[in-house]
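Dear colleague,

Please find below the structure that I am handing over to you. I would ask you to look through it first and then to read the notes that come after it.

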Amino acid sequence: MDKCAWAKNLLLDPMFQEIISDMETREINRWANSDEFDFDSRNAAYSKLVVIREFKAQIESLAHQNEIERKRLKIF
């Protein structure tokens, strides 16, 4: 199985979807429920949320790599 197929399967996995969703929700709630001037906690929650979303975007990019390559070859 290549990386593209692995990533597609992972994105379709309900457990993976649930875990990512739970992680995002936890950090959003941590940010929303922090004190207004607790900049350290808010910053940490936001930073973690960005990392979670970047990780998910990387997996999505791997899943679409074959399509990207096919379109790139048509251009050149």
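Predicted model: local features only at pLDDT ≥ 70, side-chain atom pairs only at ≥ 80, totals over all residues.

The structure holds 2 salt bridges. In one of them, the side chain of Arg53 meets that of Glu24, at 3.3 Å from N to O. Arg53 belongs to helix 3 (residues 39–63) and Glu24 to helix 2 (residues 14–32), so this pair ties together parts that are 29 residues apart in sequence. Glu24 is buried, with a relative accessible area of 16%, whereas Arg53 is partly exposed, at 43%.

A salt bridge also joins the side chains of Glu27 and Arg30, at 3.3 Å from N to O. Both residues lie in helix 2, where they are 3 residues apart, about one turn of the helix. Glu27 is buried, with a relative accessible area of 5%, and Arg30 is partly exposed, with a value of 37%.

Turning to helix 1, which residues of this helix are buried? In helix 1 (residues 3–12), they are Cys4, Ala7, Leu10 and Leu11. These residues cover an arc of only 130° around the axis, and therefore they lie on the same side of helix 1.

Finally, the surface carries a patch of positive charge, in which Lys8, Arg70, Lys71 and Lys74 gather. Helix 4 (residues 65–75) supplies the largest share of this patch, with 3 residues. Arg70 is found in helix 4.

With kind regards

Conventions:
Residues numbered from 1 in each chain as written. Heavy atoms only, no water. Patch = residues over 30% accessible without salt bridge, like charges linked within 9 Å, V, L, I, M, F, W, Y side chains within 5 Å. Areas by Shrake-Rupley, 256 points an atom, 1.4 Å probe, with all protein chains shown as cover. Salt bridge = Lys/Arg side-chain N within 4 Å of Asp/Glu carboxyl O. Lys, Arg positive; Asp, Glu negative; His and termini not counted. Charge placed at Lys NZ, Arg CZ, Asp CG, Glu CD. Helix = DSSP H or I, 4+ residues; strand = E, 2+ residues; numbered from the N terminus. Buried < 20%, exposed > 50% of the residue type's maximum accessible area, 1.4 Å probe, protein only. Arc of directions from axis to C-beta.
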